[in-house]
Amino acid sequence: MEKRWKVAVIGTGDMGNQHVKGWNLAGHEVVSVTDIDPERANELASKYGVKKVYSDYKEAIGDPEAEIVSICLPLALHAPVTVYAASQGKHIFCEKPLARNFQEVAEMEAAVAKAGVQFGLGFQRNLSRGVHTVKEAVQEGRLGRPVVFQCDSVAQIRPKRVMHDADGNAGPIMDLGCHYFVMFQTVFGSLPKTVYARGQIMAKDREELAHIPRLAIDTAQITVEYESGDIGEFSVSWGMPPDFKMKARTDRIYGPLGGMEGGFNGNPKSLKLYEGNQTEELKLEGYESLHREQFDLFINALNEGNPAPVSFEAGKDVLAVTLAIFKSIETGQVVDYASWCREIGR
Ligand SMILES: NC(=O)c1ccc[n+]([C@@H]2O[C@H](COP(=O)([O-])OP(=O)(O)OC[C@H]3O[C@@H](n4cnc5c(N)ncnc54)[C@H](O)[C@@H]3O)[C@@H](O)[C@H]2O)c1
């Protein structure tokens, strides 16, 4: 029988819940949950019959039973908790995005390398059958090349206020954009060439955010041109009023021969394919749980002594694009991606 790994889940908010569920579905044992909010942690522990509850992540990580640390914490904690888990010789599975900057990444990578542990990064949405179907269509030339890929998000100011903190989760370009930037790269099979973006803080006068000293950009129009000639566009605003009802547009991709439409990275049941004057509904067999799927892949690699399939490289590619977008917004200039990577040490 395959080894049943013992996992400590740190952070019991939305992703903590998904991780406990996903690790269970994958057949592993969550031995502890940890949160500074004991009510949340206790509720999750009793829902899934988790034996131990901690409020201090160092205690949970130091527990000799824990073999894997599953990090579901706000972005500013990804680096310190990864470094601590590695120092205790634990494998790490960390939620996206990787970190806020390349200094943090360097600390995380050094700690992981020194300890000889594995580090997996959570980009479960990129495993969606929708992404793979679009990737196949593009790379087989079914839509023609180059393609234009458009993604959109419009939402009320986020109830989790840390999302709006430039020193916290750093706004939608960092927090949500990462799902789209990894998807563009996957579908195009290519690296960025240039980045151009405009951005603003639409919610700057909202009193709900007045306590945050440095607000993140919450609204942006972003265009990334890839080496392949394909274009990724991401348009986002998290600056809308509470209970705002207007929905984002669904994802679209089109080239000289056809197009596709649907929620590509949301594990969709079907996608629309347009070829010439024809329309077809493509039915997709989705995974039961993308979280379970990403844990299966991580554990297969661990069991076989291979590196984690999604790890620092994917996180660094996405971070480099994210920081290039911030730079373009700040300067009003197009950022050349290769020069930018040299400048930031990517
Ligand atoms: N993969 C995805 O689709 C996806 C979706 C949402 C969020 N995320 C990522 O998951 C991470 C967590 O996001 P979330 O939505 O679950 O946030 P959340 O706010 O719902 O949960 C975070 C939890 O961490 C706890 N916490 C904060 N500081 C702590 C500390 N020092 N020690 C212990 N617990 C602490 C908070 O009390 C909270 O319960 C973020 O990096 C986010 O970007 C990923």
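The model is predicted: local features need pLDDT of at least 70, side-chain atom pairs count only at pLDDT 80 or more, and totals for chains, interfaces and linings use all residues. Residues are numbered from 1 along each chain as its sequence is written, and side-chain values use heavy atoms, with hydrogens and water left out. Helices (H or I, at least four residues) and strands (E, at least two) are DSSP runs, numbered from the N terminus.

**Helix H9**

- Helix H9 covers residues 290-304, has 15 residues and reaches 21 Å from its first C-alpha to its last. That is close to the 21 Å expected at 1.5 Å a residue, where the expected span is 1.5 Å times one less than the number of residues.
- At the N-terminal end, Ser289 caps H9, with a side-chain oxygen 3.3 Å from the backbone nitrogen of His291. A polar contact is a pair of N or O atoms within 3.5 Å; within protein, one must be able to donate a hydrogen and the other to accept it, and residues adjacent in sequence count only if both atoms are side-chain atoms.
- Gly305 follows H9 and has a positive phi, near 75°.
- The buried residues of H9 include Leu290, His291, Gln294, Phe295 and Phe298. Buried means under 20% relative accessible area, exposed over 50%, and partly exposed in between (1.4 Å probe, protein chains only).
- These buried residues of H9 pack against helix H1 (14-25) and the strands S4 (68-71), S5 (91-95) and S6 (119-122).

**Helix H1**

- H1 has 12 residues and spans 17 Å from its first C-alpha to its last, close to the 16 Å expected at 1.5 Å a residue.
- Gly16, His19, Val20, Gly22 and Trp23 are the buried residues of H1.
- The partners of these buried residues are strand S1 (6-10), strand S2 (29-34), helix H2 (38-48), S4, S5 and H9.
- Just after H1, Gly27 takes a positive phi of about 90°.

**The sheet**

- An open sheet of 9 strands, with mixed pairing, runs in the order S14-S13-S12-S11-S7-S10-S9-S8-S15. Its edge strands, S14 (278-283) and S15 (335-336), each pair on one side only.
- S7 (residues 148-156) and S11 (residues 251-254) pair in the antiparallel sense over 3 bridges; two strands pair if DSSP finds at least two bridges between them.
- Phe149 stands opposite Ile253 in S11.

**Gln124**

- Gln124 lies in the loop between S6 and helix H6 (129-139).
- Gln124 counts as buried because its relative accessibility is 9%.
- Leaving aside neighbours within four places in sequence, Gln124 is in contact (heavy atoms within 4.5 Å) with Leu290, His291 and Gln294.

**Pocket and cavities**

- The largest pocket has a volume of about 1,200 Å³. Its lining has 42 residues, of which Asp14, Met15, Lys160, Met163 and Asn169 lie nearest its centre. H1, S7 and helix H8 (177-188) are the elements that give two or more residues to this lining.
- On a 1 Å grid over the protein atoms alone, a cavity is a set of points where a 1.4 Å probe fits but cannot get out, and a pocket is an open set with protein on both sides within 12 Å along at least five of seven lines; lining residues have an atom within 4 Å of a point. Grid points are joined across faces, edges and corners, and a volume is the space filled by probe spheres set on the points.
- The structure holds 3 cavities of 30 Å³ or more, and the largest cavity has about 90 Å³ of space.
- Residues lining the largest cavity include Phe93, Leu121, Gln294, Leu297 and Phe298. The largest share of this lining, 3 residues, comes from H9.
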